[in-house]
Amino acid sequence: MMAMRIHPLLGAFAILVFFFLLAPLVIIVGSAVSDTTFLTFPPQGLTLRWFANIFQMEAFRRTAITSLQVALLGTGLSLLIGIPAAYALNRYRVELPRWLSTLFVLPILVPEIVFGFALLKSITIGLGLPVFISLVVGHALLILPYSVRVVGASLASFDFSIEEAARSLGCPPLKTFMTVVLPNIRAGVIAAFILAFITSINDVSVSVFLTGPGISTLPIQILAHMEQFFDPTIASVSVLLMLVTVGVMAIVEATLGLTFLTK
């Protein structure tokens, strides 16, 4: 069997695409280790003091913890709502109206600035909820479409006759869902968690409306720091956020394998 030959122009185009994707990452990493008091590339000298500066600044430590708490709680809340919603939309797709599935994607159809302002008026001001709870609820609503869509994609290929067989043998509905349905859609749940968590921890447009005195998120703190300083600390924070994303994917690969998420 003869090996396929790749056209030189196609190979060159692929190299350009990879360069286009990797160039910003290389610039950020280079700026983060530059031994200067301002952002510059290529780096002038090498140092890790800007990474140490992140942990020495109390504002970054506090907002990083807040971002992790909001992302974890918001993602968990979105999955608690999204998994049953995706199940109902697929299990009873004939009985339920078609417009109902569109309702769960509205948060990503509406511009995030408009969505954040609406949450400010309805949740923080209208209901009078504390800032932290408003952040959690706002992030949960923002990432709810990812939970519904990704889990729904797994349920679309699930054979519900297996569930009916378990019920016919006397298994209660809740136990059937937990022991039969949920294990079969585990890949979709994990993928939804990863996508929702990353979206939440990097959100700016919604968080800027819901933060308040004493409570802020890491992306908002980065913007506030850039208004006063232009040192490589910002690049160092960006590198750490990239490492967190890579770390999450590495854990998934080590425990489940990335191919597991495509099932």
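Here is a short chat about the fold and surface of this predicted model.

Visitor: What box do the C-alpha atoms fill?
Guide: Take the chain along its principal axes. The C-alpha atoms then fill a box of roughly 70 × 70 × 30 Å.

Visitor: What share of the contacts joins residues at least 24 apart?
Guide: Start with contacts between residues at least 6 apart in sequence. Of those, the share joining residues at least 24 apart is 70%.

Visitor: What percentage of the residues is buried?
Guide: To count as buried, a residue needs under 20% relative accessible area. The chain has 263 residues, and the buried part comes to 37%.

Visitor: Is I6 buried or exposed?
Guide: I6 sits in the segment before α1 (8-32), and it belongs to a nonpolar surface patch that also includes L10, F13 and F41. Together the patch residues have about 1200 Å² of accessible area. The cut-off for exposed is over 50%. Because its relative accessible area is 65%, I6 is exposed.

Visitor: How far apart are the centres of the positive and negative side chains?
Guide: There are 13 positive and 11 negative side chains in the chain.

How values were computed
Residues are numbered from 1 along each chain as its sequence is written. This is a predicted model: local features need pLDDT of at least 70, side-chain atom pairs count only at pLDDT 80 or more; totals for chains, interfaces and linings use all residues. Side-chain values use heavy atoms; hydrogens and water are left out. Patches are made of residues with over 30% relative accessible area and no salt bridge: like charges are joined within 9 Å, nonpolar side chains (Val, Leu, Ile, Met, Phe, Trp, Tyr) within 5 Å. Accessible areas come from the Shrake-Rupley method with a 1.4 Å probe; for residues, only the protein chains shown count as cover. A salt bridge is a side-chain nitrogen of Lys or Arg within 4 Å of a carboxyl oxygen of Asp or Glu. Helices (H or I, at least four residues) and strands (E, at least two) are DSSP runs, numbered from the N terminus. Buried means under 20% relative accessible area, exposed over 50%, partly exposed in between (1.4 Å probe, protein chains only). Contact means heavy atoms within 4.5 Å. Lys and Arg count as positive and Asp and Glu as negative; His and the chain ends are not counted. The place of a charge is taken as NZ of Lys, CZ of Arg, CG of Asp or CD of Glu.
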